[in-house]
Amino acid sequence: MNQSRNQIQPPHRLVSVLILGGVLLNSLGCGRQSAEISPTSGVDVQVSGCLENLNLKQLDGALERCDEVVKIHRSNPIPLVDRSLIYNLMNRPDEACRDVAKAAELLKQSQQKPDPMVMHELTVRQQSCKQRATMVGRD
């Protein structure tokens, strides 16, 4: 009985990859405008600037751009949620989970009702971080 049960359930790694892939596809298809944003554009940097023009072959540049967006929009959780995706794509899960925790804290402190899409993305990423912590023996 355990043998057939194990055959039906996918490995934890596969589930994590599928969740991350779904979040990536979701983030890229959310109708964000495509505008070139450089790390030095200052005030013109939009909250949604982290994932604009995302090129999976140039993640270092995307991270630099996103670092600037996070710096400019310190009290907004959206850039942190977006940067966590970039960290995950770069195989830097500890940094991704730190951004997820910071974003969750900012949402708790906020007086405004959060965007449902941001809440969904954050919830999925929090679950992924919890699963990872459990898998590596942290709690």
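**Close-up 1. D67 and its partner R83 in the predicted model.** Start with D67, which is partly exposed, with a relative accessible area of 31%. D67 pairs with R83 in a salt bridge, and the closest N and O atoms sit 2.9 Å apart. This pair links distant parts of the chain: D67 belongs to helix α3 and R83 to helix α4, 16 residues apart. R83 has a relative accessibility of 10%, so this arginine counts as buried.

**Close-up 2. R83 again, now with D99.** What does the side chain of R83 meet here? It's D99, in a salt bridge of 2.6 Å from N to O. Because D99 lies in helix α5 (residues 93-109) and R83 in helix α4, the pair ties together parts that are 16 residues apart in sequence. Both of these residues are buried.

**Close-up 3. The salt bridge between D94 and R132.** Here the N-to-O distance is 2.9 Å. D94 comes from helix α5 and R132 from helix α6, so this pair ties together parts that are 38 residues apart in sequence. D94 is partly exposed at 34% relative accessible area, and R132 is partly exposed too, at 23%. By the rule used here, the salt bridges come to 5.

**Close-up 4. The largest nonpolar core.** Zoom in on I86: leaving aside residues up to four places away in sequence, I86 touches C50, L51, L59, A62, L63 and C66. Apart from this core lies another, of 11 residues, including V100, L106, L122 and C129.

**Close-up 5. Helix α6 from end to end.** Helix α6 covers residues 116-135, 20 residues in total, and reaches 29 Å from its first C-alpha to its last, close to the 28 Å expected. At the start of the helix, a side-chain oxygen of D115 comes to within 2.6 Å of the backbone nitrogen of M117. Which residues in α6 are buried? The list runs V118, E121, L122, V124, R125, C129, Q131 and A133. Just after the helix, look for G137, which takes a positive phi of about 90°.

Key
Residues numbered from 1 in each chain as written. Predicted model: local features only at pLDDT ≥ 70, side-chain atom pairs only at ≥ 80, totals over all residues. Heavy atoms only, no water. Helix = DSSP H or I, 4+ residues; strand = E, 2+ residues; numbered from the N terminus. Expected span 1.5 Å × (residues − 1). Buried < 20%, exposed > 50% of the residue type's maximum accessible area, 1.4 Å probe, protein only. Polar contact = N/O pair within 3.5 Å; in protein donor to acceptor, adjacent residues only side chain to side chain. Core = buried A, V, L, I, M, F, W, Y, C linked by side-chain atoms within 4.5 Å. Contact = heavy atoms within 4.5 Å. Salt bridge = Lys/Arg side-chain N within 4 Å of Asp/Glu carboxyl O.
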